[in-house]
Amino acid sequence: MVLALAAAVVAFGVAPARADGDPASDILLIDNVFLTYSVDVSTAAKTALQQEVAKLNHSGFRVKVAVIADPADLGAVPSLFGKPQLYAKFLGTEISFQYTNRLLVVMPNGFGFWRRGKSIVREKKILAAVKVKQGGDGLAYSAVNALKALSKPRKR
């Protein structure tokens, strides 16, 4: 019994150790959305974002989203606040042992996007045209708008 308990402690301790102290990397290993801890997000905004992500993932457009409102949301890497593209690459790399598809980061000053091994030129162009709204709800709804823009079929 003691050996089984010790094995369980070791097994459950591995994922957080890999995450290097940023909360989003811990949450996104088990969920598709990380929402800011430092700013309030209404139930309606949270639900809208979660439903959009679920709808896209169900349709085959695999995506995870991190909504970062404050340096405190970044845990051990607050220096990446205000650098959404750099943080998207950092976060994507952190979770890449389990997830390698689309990752959208929204911060008050813009979006970041990552997709391991794929060009993201198109996505960065699309995201540059999406306005980021401020506050917890604004960031969540901005993420919804960005996802809708990113998931539109390409014009040929």
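How many aromatic pairs does a search of the whole structure find? The search finds two.

1. **Confidence.** This is a predicted model. The mean pLDDT of the protein is 89, and 86% of its residues reach 70 or more. Residues 1-19 need care in reading: their pLDDT is below 50. Beyond near neighbours in sequence, that stretch has eight contacts in the model.

2. **Layout.** The protein has six helices and four strands. Along the sequence they follow the pattern α-α-β-α-β-α-β-β-α-α. Of the 156 residues, 42% are buried. Among contacts with a separation of 6 or more, 62% join residues 24 or more positions apart. The accessible surface comes to about 8500 Å², and carbon and sulfur atoms hold 59% of that surface.

3. **F34 and Y37.** This aromatic pair is edge-to-face. The ring centres lie 5.1 Å apart, with 85 degrees between the planes. F34 counts as buried because its relative accessibility is 1%, under the 20% cut-off. Y37 counts as exposed because its relative accessibility is 56%, which is over 50%.

4. **Y87 and F90.** This aromatic pair is stacked, at 6.1 Å centre to centre and 25 degrees between the planes. Both residues lie in helix 4 (residues 84-95). They are three residues apart, about one turn of the helix. Y87 has a relative accessible area of 0%, so Y87 is buried. F90 has a relative accessible area of 24% and is therefore partly exposed.

5. **Charges over rings.** The charged end of K64 sits over the ring of Y99, 5.0 Å from the ring centre. R102 lies over the face of F61, and here the distance to the ring centre is 3.8 Å.

6. **Strands 3 and 4.** Strand 3 covers residues 102-107. Strand 3 and strand 4 run antiparallel, joined by five bridges. A hairpin of two residues links strand 3 to strand 4. Within the pairing, L104 stands opposite F113 of strand 4.

7. **Cover of strand 4.** Why is strand 4 (residues 110-114) described as largely enclosed by the rest of the structure? Because five of its five residues are buried. Both faces are covered. G110, G112 and W114 are buried on one side. F111 and F113 are buried on the other.

Methods. Residues numbered from 1 in each chain as written. Predicted model: local features only at pLDDT ≥ 70, side-chain atom pairs only at ≥ 80, totals over all residues. Heavy atoms only, no water. Buried < 20%, exposed > 50% of the residue type's maximum accessible area, 1.4 Å probe, protein only. Pairing = 2+ DSSP bridges. pLDDT = per-residue confidence, 0-100. Contact = heavy atoms within 4.5 Å. Areas by Shrake-Rupley, 256 points an atom, 1.4 Å probe, with all protein chains shown as cover. Phe/Tyr/Trp six-rings, centres within 6.5 Å; stacked < 30°, edge-to-face > 60°. Lys NZ or Arg CZ within 6 Å of the ring centre and 35° of its normal.
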